[in-house]
Amino acid sequence: MATHVLLKNIDLIATLDPERREIGHGWIHLCGDRIVAVGDGAPPDTPMDEVIDLAGRLVTPGLVNTHHHMFQSLTRAVPAAQNSSLFGWLKALYPIWSRLTPEMIRVSTQTAMAELLLSGCTTSSDHLYLFPNGSRLDDSIAAATEIGMRFHAARGAMSIGESAGGLPPDFLVEREPDILKDTQRLIEAYHDPSDRAMTRVVVAPCSPFSVSQGLMADSARLARQYGVSLHTHLAEDRDDVAYSLERFGKTPARYAEDLGWLGPDVWHAHCVRLDRDGVGLFAATGTGIAHCPCSNMRLASGIAPIGRMRRAGVPIGLGVDGSASNDSGSLIGEMRQAMLLQRVKYGAGALTARQALEIATIGGARVLNRTDIGHIAPGMAADLAVFDLNRLEFAGALHDPVAALAFCGPVAPQHTIVSGRFVVRDGRLTTVDLGALIRRHNQLAAELANG
């Protein structure tokens with residue numbers, strides 16, 4: 001039988017529900033993997049299996065990460081790629097990544113997920129687009145299941161190598177029939193379309209400069225045959241846009257349109273250089289964007305016009321992006337950077353703290369085409385982040401703790417609850433031995449770097 005848990009005496013609940021209610025002195029009733037009820041005042045007089053007093057706490061929906069390359073946590077701050085923009089950065093790292101192994105995929109996935117969970121993130125996508133030495137997306141899925149994160153596993157691919165005009169080296173690309181066959185296998189083996197599903201599979205050719213137009217179109221048909229989402233990179237920087245114009249004779253947005261890559265079942269990473277026509281196309285079709293401010297700054301890609309996109313109606317979520325182009329994985333830190341970066345270019349009111357939190361929660365849920373995560377309401381998945389308002393970061397900001405989440409620096413949650421389970425309790429992971437994970441991760445990172 002499902003376990004009933006009452007979270008009571010909560011100082012403030014930021015529900016992010018359609019009414020954007022912020023409930024003081026509230027309570028949340030959980031049953032198994034879902035939220036049963038939310039309210040203020042006296043909690044329900046119902047027998048509970050566990051009652052947890054959260055006085056002095058702020059509760060938000062679990063944060064949602066819409067773009068990552070978790071294997072890259074093995075190659076943080078690589079000297080040869082520290083000061084390069086996108087294309088040069090990739091060319092420096094491709095040879096190193098060609099040495100990845102299945103164990104490296106599993107361990108790096110858990111390392112990246114541990115960092116996310118410890119920042120209040122409960123759902124993450126991951127875009128794995130290279131599979132050397134027997135590596136498979138199955139390795140990532142197994143790692144996610146063990147650590148307890150809600151997971152959108154994106155089966156990426158590269159099929160056009162340097163000899164055919166692409167960016168990646170020929171030894172890292174795959175045959176397109178093999179890509180499509182394996183993608184179909186993964187969907188049939190792992191994709192769960194049900195409400196509150198823990199695992200979903202995404203069809204995700206890597207980028208316009210690493211796959212053919214034929215693979216893009218075939219991937220869109222395959223995804224829609226099975227009712228799964230589509231994901232890729234688009235319009236990340238000026239070089240990316242120039243490649244599209246030169247090779248395809250059209251802007252990235254029109255390239256996506258021609259190949260069936262617009263719609264509410266599609267989201268694109270970055271879109272820093274999406275033009276006004278592209279913004280209009282995305283808004284009209286409900287096509288989503290994963291905004292990755294730290295990575296965009298790290299690679300000097302630019303500042304995406306997130307405010308203009310939101311006003312137009314484009315679905316926007318946050319992504320930490322790969323750990324070799326961000327070198328961190330704190331989604332709450334990413335939320336703060338998203339707010340601050342918009343203000344650098346567009347003014348002090350360009351993005352408010354609450355809007356940043358929306359992007360990190362319900363925005364991400366919409367981008368991932370989910371209606372069961374991202375806000376706190378009856379029937380929603382029991383995914384929550386619990387913050388201790390007695391921490392130093394909140395000192396002097398208790399008049400508005402919701403805003404403090406974005407303004408007052410990266411704040412670590414006390415608890416992270418995924419599907420009703422305390423995956424982080426009192427600041428510690430409960431599902432894996434973090435110390436042992438870090439030690440093995442560092443050993444594998446050294447092996448990868450040294451060849």
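Reader: Quick start. Is Ser108 buried or exposed?
Author: Ser108 is buried, with a relative accessible area of 0%. Buried means under 20% relative accessible area, exposed over 50%, and partly exposed in between, with a 1.4 Å probe and protein chains only.

Reader: What kind of model, and what are the ground rules?
Author: This is a predicted model, so local features need pLDDT of at least 70 and side-chain atom pairs count only at pLDDT 80 or more, while totals for chains, interfaces and linings use all residues. Residues are numbered from 1 along each chain as its sequence is written, and side-chain values use heavy atoms, with hydrogens and water left out.

Reader: Back to Ser108. Where does Ser108 lie, and what does Ser108 touch?
Author: Ser108 lies in helix H2 (residues 102–117). Helices (H or I, at least four residues) and strands (E, at least two) are DSSP runs, numbered from the N terminus. Ser108 touches Met70, Phe71, Ser73, Leu74 and His441, leaving aside residues up to four places away in sequence. Contact means heavy atoms within 4.5 Å.

Reader: Switching to electrostatics. How many salt bridges in the whole structure?
Author: A search finds 25. A salt bridge is a side-chain nitrogen of Lys or Arg within 4 Å of a carboxyl oxygen of Asp or Glu.

Reader: Give me one. What does Arg298 pair with?
Author: Asp327, at 2.7 Å, N to O. Arg298 is in helix H9 (residues 293–298) and Asp327 is in the loop between strand E13 (316–318) and helix H11 (331–346), so the pair ties together parts that are 29 residues apart in sequence.

Reader: Another one. Which residue does Asp400 bridge to?
Author: Arg354, with the closest N and O atoms 2.7 Å apart. This pair links distant parts of the chain, 46 residues apart: Asp400 is in the loop between strand E14 (384–388) and helix H13 (401–407), and Arg354 is in helix H12 (residues 353–367). Asp400 is partly exposed at 25% relative accessibility. Arg354 is partly exposed too, at 31%.

Reader: Now Arg370 and Asp372. How far apart are N and O, and are the two residues buried or exposed?
Author: Their side chains meet in a salt bridge at 2.9 Å, N to O. Arg370 is buried at 4% relative accessible area, and Asp372 is buried at 5%.

Reader: Which residues are linked in a network of salt bridges?
Author: One network links Arg136, Asp138, Arg155, Glu174, Asp182 and Arg185.

Reader: Voids next. How many cavities of 30 Å³ or more?
Author: One. The largest cavity has a volume of about 130 Å³. On a 1 Å grid over the protein atoms alone, a cavity is a set of points where a 1.4 Å probe fits but cannot get out, a pocket is an open set with protein on both sides within 12 Å along at least five of seven lines, and lining residues have an atom within 4 Å of a point. Grid points are joined across faces, edges and corners, and a volume is the space filled by probe spheres set on the points.

Reader: What lines the largest cavity?
Author: 18 residues, with His69, Leu86, Trp89, Leu90 and His233 nearest its centre. Helix H1 (residues 86–97) gives the most to that lining, with four residues.

Reader: And the largest pocket, what volume?
Author: About 170 Å³. The residues lining the largest pocket include Arg20, Arg310, Val314, Glu358 and Arg366. H12 gives the most to this lining, with five residues.

Reader: Last topic, H6. Which of its residues are buried?
Author: In helix H6 (residues 238–248), the buried ones are Asp240, Val241, Tyr243, Ser244 and Phe248. They cover an arc of only 155° around the axis, which puts them on the same side of H6. The arc is that of the directions from the helix axis to the C-beta atoms.

Reader: What does that buried side pack against, and which exposed residues are on the face turned away?
Author: The buried residues of H6 pack against H1, helix H5 (213–226), strand E10 (230–234) and helix H7 (252–258). The face turned away carries the exposed residues Arg238 and Glu246.
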